[in-house]
Each structure stands twice: as C-alpha cells, then as structure tokens.
Amino acid sequence: MQYIALSAAVFSMSLASCGDARFKIDGEVYGAEGKSLVLEKSDFHGRWIPVDSVKVGDTGKFSIKADAPASPDVYRLSLGDRFIYLPVDSVETLTLTTSAADFGSKFTLSGTPQAERMAAFEQELMAVNATDSAALASFKRDVYTKYIKDGQGSIVSYYVLTKVFDGKPLYNPADAEDAKYYAAVATQFDNYRPGDPHGQMVKDVSLKAMRARNSAKGKKNVIEANEIRVLDIDLPDENGKNVRLSDVVGKGKPVVVIFSMMGASESPAFNRELARIYKAKGGSVEFYQVSFDPGQYEWREAAANLPWITVLDPQGTSSNAIIDYNVGSLPAVFIYDANGDLVERPESLSDLERKL
C-alpha cells in the first residue's frame, strides 16, 4: 500500500511538472455568444472564488481549463446570476451543452460518471415541489438510495448532502431525521477517503448539530444522558439470534460497545487489539460489537471468530444507533459501567484499555 501511494504521488508530481495536471470543460451555450462564463470553486465557507473566465464564441462554443484539484472538489460555471455545478476529480474533460435561456435549469453534462450523476440529481431536484413536505421527504430518501448510499465518499455525496434548496439546506443536520445521512457520508469518507477535507467538514457539521440537539434535550452529550441508562440496541448475532444490549449491561461488570465495519481495511488489526484487551481482562468485562457491513456473509465469517457478542445492523451507516450514540466516524467505542450507566467514550483503544 505504501508503494502504491508513493507511486501515485510521484505520478501526480510528474504530471504537474509537465504542466498537464489540468482539467477541461468545453461545450456549447446557445444564445450566449460573446458573453462571459466564469469558472468558480467553493472554499468550505459558503464562498465561491473565481478561477478563470472565458467568452462564448460566435457559434456558442466555449472551452476552459484549470489546475486539477488536490482532491475531488465542486466547481461551478456562472452565466450572470445562474449556475451549473460540476464535480471534478482530477485530470478530466467535462462536456456541457445548454442554452443561455435555460442555463442552470436544463442542460446535459457528460465526461465522467460523477458528472452525469450530479447533473441527474440537479434535474430531479428542480422537479420537486419545495412546499410539499411529504414529497420532499420521499425525494430525500430516494436521493440517499440513488446518490449517497453507495457513494463511497464521493464528491457527489458531499455536494448532495450540502445542497441548499429553496433557501434552506436540503439535508438539515439539525433535524434528527436528516442527521443519519450526515453520519453515513462522514463514515464513507472515513472508510474510503480518509483525510479528505470534505469528509472532515461533514463530520464537524454533523457532530456540532448532534451536540446542539442533545443540549436542547437537556443533556450536554450522550455520555451525560442520565435520564437514559441504556441507549438500547436489539440486533441479530452471527447465528441469527437477536441480542439486546439492555440484557447485557448492568449485570455486574463493564460493557464495551463497539461500532465498526468488519470489511474495513483496518478491521483485522483493530479486532486483534480488541482481542488482546479482552483476553487481558480475564472475563471481567463484556464486549458488544455492532457492525454495519453490507455483506452479511463476510461479516458472519469474521464475527464467528470473535469471542464476544457481535451483531449486525441491516440499516448500515444510516442506523438509528449511529444517531443515538452521536457517532461521527467508525470505529467508535463506548463504556457502560458495572451498574449500567454510560460513562465513557474512549478516543482510542489505548484509551479504552486505560479507562477499563
């Protein structure tokens, strides 16, 4: 893995040194002859920074290039006060076809699967009635299935999640129903694109909103939720038998609740370290591990080799448990004490070992 990463970095620097690390957008804007198109890039603070501009030719054709981003990012082309949004991964060519009259509302965008997905999402969003709350909620669930669920930390997932519609966030992190989508996307970035600033931004927004919701309910965070002794979980183990967390905690010894994905690249090393801690405690502590893997067979194979309780959440990273426990990224660990009170949220496995 280190060799591959190094090779990719060398290749990237090689491209840059040759002056070829640029992406291109070309196409036609009928009826916009002689007008300026401005290419802009977002800066994480709601501002759009001009990158370059180009005048549309006499036949409506245009072409514009810019330096490829260090990581996938969202750009937009503006014509006056109307915009078309574009996902840019790296060195690529996108093709846009539209008209001056329909700019920002009717267009075709091609060149990459991400560009086509973003364009399809935009067209579907424009057809939604913003005043029909039921229709909007149904639309958001469909969007999650089509554009976010299998996004693997894509820039389109980030864009959809942070889209403003009718002057309001399409997915509002302050809303408990929408919060699960933020948790899902934050987890995707952690698993597939660790270190990507878009993932960190989603995580920060998600955690801030969750803290605000908890505070509004009269608790500073999930650890201090004294009125709730157990945030219960009831899920099937590798044998198909449901095991309730509330049947495990408060039985005279601490219980460690672990949220993870068995299929994640770091999972084998993570579970080996868990096993070392579990063995060192000599039966004085119980582990209850919740997995969110999409592949049940692979999860069951891994879970069968672990000496503690392992359960699978079929909701995946949109699970209610992720919201209840204020989980912004995986893996995550919590400790219930021997009396059944939720008392700790270790930051690492070494922290877990100290607090046990």
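Which side chain does Lys140 meet in a salt bridge? In this predicted model, the partner is Asp178, at 2.9 Å from N to O. Lys140 sits in helix 3 and Asp178 in helix 5, so the pair ties together parts that are 38 residues apart in sequence.

| Pair | N to O |
|---|---|
| Arg22 and Asp67 | 3.0 Å |
| Lys140 and Asp178 | 2.9 Å |
| Glu273 and Arg276 | 2.6 Å |

Arg22 is in strand 1 and Asp67 in strand 4, so this bridge links parts 45 residues apart in sequence. Arg22 is partly exposed at 33%, while Asp67 is exposed at 53%. Glu273 and Arg276 stay within helix 7, 3 residues apart, or about one turn. Elsewhere, Glu344, Asp351, Arg354 and Lys355 join up in a salt-bridge network.

Now for the greasy parts. The largest nonpolar core has 28 residues, and Phe121, Phe139, Val160, Leu170 and Tyr171 have the most contacts inside it. Helices 2, 3, 4 and 5 each give two or more residues to this core. Leaving out residues up to four places away in sequence, Phe139 touches Phe121, Glu124, Leu125, Val128 and Leu170. There's also a second, separate core of 26 residues, with Leu231, Ile233, Ile322 and Ala332 among them.

Finally, take Ile84 in strand 6. Ile84 is buried, at 0% relative accessibility. Beyond its sequence neighbors up to four places away, Ile84 touches residues including Tyr75, Leu96, Phe103 and Phe107.

Definitions and conventions: Residues numbered from 1 in each chain as written. Predicted model: local features only at pLDDT ≥ 70, side-chain atom pairs only at ≥ 80, totals over all residues. Heavy atoms only, no water. Core = buried A, V, L, I, M, F, W, Y, C linked by side-chain atoms within 4.5 Å. Buried < 20%, exposed > 50% of the residue type's maximum accessible area, 1.4 Å probe, protein only. Helix = DSSP H or I, 4+ residues; strand = E, 2+ residues; numbered from the N terminus. Contact = heavy atoms within 4.5 Å. Salt bridge = Lys/Arg side-chain N within 4 Å of Asp/Glu carboxyl O.
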